[in-house]
Amino acid sequence: MRKLNYKTGLAFFIVLSLAITGLSRLTMPFISDFYYQDHYDVVFFGTSESFTTFDPHVMAEYGISSYNRGRMTQPIYMTYYYMLDAIDACDINTIVLEPHALYDDTAPGMELKQEVIDSTLNNMRFSKYKVQMIRECLEKDIQFSNLFYLDKYHGRWQQMAQWPKENWGYLFRGEGEGENLGFQPWTTYQAMDEPYPSVEERKEPKDFEMSETGVEYLDKIYDLCQENNIRLIVAKSVYPCNDSDIGVAQYMAKWCADRDVPFYDYMMAYEALGIIEEEDDADGGFHLNINGADKVSRHFAQVLYNNEYYKKPGEATGEQ
């Protein structure tokens, strides 16, 4: 009898777990259409400075398949788990990291704004790396609600009742609503109040010290790419251009040189790109709009194409 009770209890636990998981899956937002493909030549990672700067559609004009996985204010340690999941989901030749987030000294387990958490987690499939991210990066008292959407999205049933019938298939196929290949073009126009920092200001050494978290996760990202035969490139967007971002760029220039990682500082290419703040600035010096993004994307697409950086390491002409 005791053995029977044990089996009954175990069966009940399994059924309950499956029910909770299933209901959670039903109530979670659509995941990214990143998972539609099993190969990308290039995948971009970082914060909003990534997803407003690098347009995969421009890369496609050069025959380069790409996707932008940048997420709003994403800390570097969450970007690392995003990379783990992306590499597990598909074959990637090259990863491009936009390093703006490195100015932030937030460590795993510290308080984050819920919209930042949602921006990352709602765009990610359910995988062991998503579970690891939640366990390692979020405060303990909010881990459960961000793991099981049934708890978090209790009001989603009303929204689901209004869906068109074709949306229901997305729940089980894991398809998203479509995100423009991750690129989020901004169409606003707002120039900076002050002129863009001069070349001399951009070259002046800044008092910037990388946080322990930044050092740790940069090394993890480098090792991850090495272990999976993926080329790593670091590319700093035009905006923001302040002491912190200049300091990040100066740190990354040395970090990349020490590891033979290509580094592109688009703050230093401001004049060469022909950036016009009144036409190319979305919000007063924080993000490029669609016009500015096109200028950077076309330059970077040529960099990828001319150097064959879209190929696996070792496959590009002249690489060992």
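This is a predicted model: local features need pLDDT of at least 70, side-chain atom pairs count only at pLDDT 80 or more; totals for chains, interfaces and linings use all residues.

Visitor: In what order do the strands form the open sheet, and is the pairing parallel or antiparallel?

Guide: In general, strands of a sheet pair through backbone hydrogen bonds, either parallel or antiparallel. Helices (H or I, at least four residues) and strands (E, at least two) are DSSP runs, numbered from the N terminus; two strands pair if DSSP finds at least two bridges between them. Here, 5 strands make an open sheet with parallel pairing, in the order β2-β1-β3-β4-β5. Its edges are β2 (66–68) and β5 (263–265), each of which pairs on one side only. Strand β1 (residues 39–45) runs parallel to β2 and is joined to it by 3 bridges. Valine 42 has serine 66 in β2 as its bridge partner.

Visitor: Is lysine 312 buried or exposed, and which side chain does it join in a polar contact?

Guide: Buried means under 20% relative accessible area, exposed over 50%, and partly exposed in between (1.4 Å probe, protein chains only). Lysine 312 counts as buried because its relative accessibility is 12%; this residue is found in the segment after α16 (290–306). A polar contact is a pair of N or O atoms within 3.5 Å; within protein, one must be able to donate a hydrogen and the other to accept it, and residues adjacent in sequence count only if both atoms are side-chain atoms. The side chain of lysine 312 makes such a contact of 3.3 Å with that of aspartate 91, and reaches the backbone oxygen of isoleucine 92 at 2.8 Å.

Visitor: Where is isoleucine 14 found, and how accessible is it?

Guide: Isoleucine 14 is found in helix α1 (residues 2–27) and is partly exposed, with a relative accessible area of 43%.

Visitor: Which residues other than glycine have a positive phi?

Guide: Among them is threonine 73, with phi near 50°, in the loop between β2 and α4 (76–89). Another is asparagine 229, at about 55°, in the loop between α12 (212–227) and β4.

Visitor: Which peptide bond is cis?

Guide: The bond from tyrosine 239 to proline 240 is cis, with omega near -15°. Proline 240 is placed in the loop between β4 (231–236) and α13 (243–259).

Key: Residues are numbered from 1 along each chain as its sequence is written. Side-chain values use heavy atoms; hydrogens and water are left out.
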